[in-house]
Amino acid sequence: YKSSVIVSREESGARAFLASKLFKSCPRTILAVFSDQKKALGFMDALKFFLPQHLSDILYFPGYHIQPFKSLSYHRETSTSRLSILSKVMEGAPLFIVTHMDTLLQQMIPKAGINDFSELVMANEETERETLLARLEAGGYIRTTLVEDPGEYSVRGGILDLFSPDQDKPVRLEFFGDLVESIRQFSPYTQRGTRELAETVIVPATEAVIHQSDLPHILARLRQAGSLAGIGPSAVREYVNTIREKGRFPGLESMLSIVYENLDSFFDYIPENSLLLLDSLDLLESCARDFEARALLNYTSVTSENRLCVNPESIYLTWEQAWQKMSGLNHACFKMLELEEDKNKARVFHFHTRSNQNLSGQLGSFSDREFPLKPLVDW
């Protein structure tokens with residue numbers, strides 16, 4: 001598949017039809033990359049039409065939808081959605097993932113960060129309850145009265161409710177001391193148990209996982225980032241105190257190079273035998289270059305105001321870096337079939353065709369039935 005070209009129309013339906021054929025015939029993860037979010041979502045909707053039996057395998061990997069360094073607040077729903085998908089990708093089963101260029105340029109929590117955090121809790125086995133609660137806090141879980149959304153947990157006596165981003169429903173752990181007596185899924189709407197589980201896996205609720213043991217290194221990188229951004233010692237001290245007291249400060253996910261010494265990209269998560277379906281390379285490069293320019297401009301603006309931020313190179317891939325990773329994988333590029341206006345220069349293609357005149361008659365005979373378009377669907 002390396003450097004193959006798929007000739008297709010610009011519209012999402014034609015490309016999705018070709019992609020569905022590839023996914024059916026190629027039992028591996030496919031990553032489709034488009035130039036913007038609108039094209040990615042349009043393609044995904046069309047893909048679901050052609051792959052109705054694989055709806056749970058078709059995933060949209062979202063970005064944070066904010067301009068680099070323009071905001072310090074990331075949407076929590078986006079964070080939990082990203083972590084849910086990263087957890088599924090790490091399981092290794094074939095998936096069809098759709099995203100766009102800006103998202104791929106954003107580096108993220110290293111795989112080791114998810115693996116080190118992930119906790120397997122089993123019924124009738126001992127799990128240190130206080131250690132588990134500290135782990136939830138380190139992973140960005142929010143303590144609430146009722147657990148309704150991913151990334152939340154609550155404690156009532158010996159009962160711990162939590163909603164891990166990789167699960168469809170929250171779970172209720174009943175402790176007797178440190179012994180987990182039972183694990184049950186429950187409805188976030190009725191708060192009633194739905195089924196008994198033998199075990200459950202807990203993944204982080206945020207990409208900025210802060211364990212107490214890592215705090216000295218994180219604070220050292222925070223002080224260095226503050227110094228490079230021209231922030232005064234008193235302002236840096238405020239950030240340091242906030243982390244020590246509350247575990248994190250708002251917007252820390254936008255500065256992951258402070259949390260981790262090394263970051264991974266989405267390419268580090270997908271299996272080595274994955275297939276990439278790429279939008280027009282010219283469009284992808286143009287979008288990547290535009291993103292780089294905006295990141296640098298915003299970084300310059302923020303540092304001139306002496307606000308905390310990190311160097312763009314520490315959290316974003318450049319186009320050259322992204323292309324190096326893409327070209328190293330099996331990939332195919334969509335390419336428009338451009339027809340020549342000058343007949344003397346036109347290329348001639350011969351196609352084998354067959355008539356569908358019988359379809360018209362079949363549709364007529366089905367017009368009064370419960371499923372009048374069944375002949376068309378079958379065809």
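Biologist: Which residue forms a salt bridge with Glu-130?

Modeller: Please keep in mind that this is a predicted model. In it, Glu-130 forms a salt bridge with Arg-129, and their closest N and O atoms are 3.3 Å apart.

Biologist: Is Glu-130 buried or exposed? And what of Arg-129, buried or exposed?

Modeller: Glu-130 has a relative accessible area of 54%, so it is exposed. Arg-129 has a relative accessibility of 15% and therefore counts as buried; the limit for buried is under 20%.

Biologist: Which other residues of helix H6 are buried?

Modeller: Helix H6 covers residues 129–138, and besides Arg-129 its buried residues are Leu-132, Leu-133, Arg-135, Leu-136 and Ala-138.

Biologist: What covers the buried residues of H6?

Modeller: The cover includes one helix, H5 (111–117). It also includes the strands E5 (119–122), E7 (152–156), E8 (159–162), E9 (171–176) and E12 (199–202).

Biologist: What follows H6?

Modeller: Gly-140 follows H6, and its phi is positive, near 85 degrees.

Biologist: With which residues is Thr-127 in contact?

Modeller: If neighbours within four places in sequence are left aside, Thr-127 is in contact with Glu-119, Val-121, Leu-132, Phe-175, Asp-178 and Val-180. Leu-132 is also one of the buried residues of H6.

Biologist: Let us compare another threonine. Where does Thr-78 lie, and is it buried or exposed?

Modeller: Thr-78 lies in helix H3, which runs over residues 76–91. With a relative accessible area of 10%, Thr-78 is buried. Not counting residues up to four places away in sequence, Thr-78 touches Pro-62, Gly-63 and Tyr-64.

Biologist: Back to charges. How many salt bridges does the whole structure have?

Modeller: A search of the whole structure finds 15 salt bridges. In general, side chains of opposite charge can pair when their charged atoms come close.

Biologist: Which residue meets Arg-184 in a salt bridge?

Modeller: The side chain of Glu-174 does, with 2.5 Å from N to O. Arg-184 belongs to strand E10 (residues 179–186) and Glu-174 to strand E9, so this pair ties together parts that are 10 residues apart in sequence. Arg-184 is partly exposed, at a relative accessible area of 27%, and Glu-174 is partly exposed as well, at 23%.

Biologist: And which residue meets Asp-378?

Modeller: Asp-378 and Lys-374 meet through their side chains in a salt bridge of 2.8 Å, N to O. Because they are four residues apart in helix H13 (residues 374–378), about one helical turn separates them. Asp-378 is exposed, with a relative accessible area of 54%, whereas Lys-374 counts as partly exposed at 42%. Elsewhere, salt bridges that share partners join Arg-15, Lys-39 and Asp-279 into one network.

Biologist: Changing topic: how do H10 and H11 pack?

Modeller: Two packed helices are described by the angle between their axes and the distance between the axes. For helix H10 (residues 281–304) and helix H11 (residues 319–327), the angle is about 140 degrees and the axes are 9 Å apart.

Biologist: Which residues meet there?

Modeller: From H10, Leu-281, Leu-284, Glu-285, Ala-288, Arg-289 and Glu-292 meet Trp-319, Glu-320 and Trp-323 of H11. By class, this contact has five nonpolar and four charged residues, and no polar ones.

Biologist: Which residues form a nonpolar patch on the surface?

Modeller: Val-5, Val-7, Leu-337, Phe-349 and Phe-351 form such a patch, with about 510 Å² of accessible area together. Of these, Leu-337 is placed in the loop between strand E14 (330–336) and helix H12 (357–365), and it is partly exposed, with a relative accessible area of 41%.

Biologist: Finally, the whole chain. How many helices and strands are there?

Modeller: The protein chain has 13 helices and 14 strands. Its C-alpha trace spans about 75 × 55 × 35 Å along its principal axes. Of its 379 residues, 45% are buried.

Methods:
Residues numbered from 1 in each chain as written. Predicted model: local features only at pLDDT ≥ 70, side-chain atom pairs only at ≥ 80, totals over all residues. Heavy atoms only, no water. Axes fitted to C-alpha atoms, helices over the stretch in contact; angles between N-to-C directions. Helix = DSSP H or I, 4+ residues; strand = E, 2+ residues; numbered from the N terminus. Contact = heavy atoms within 4.5 Å. Nonpolar A, V, L, I, M, F, W, Y, C, P; charged D, E, K, R; others polar. Patch = residues over 30% accessible without salt bridge, like charges linked within 9 Å, V, L, I, M, F, W, Y side chains within 5 Å. Areas by Shrake-Rupley, 256 points an atom, 1.4 Å probe, with all protein chains shown as cover. Salt bridge = Lys/Arg side-chain N within 4 Å of Asp/Glu carboxyl O. Buried < 20%, exposed > 50% of the residue type's maximum accessible area, 1.4 Å probe, protein only.
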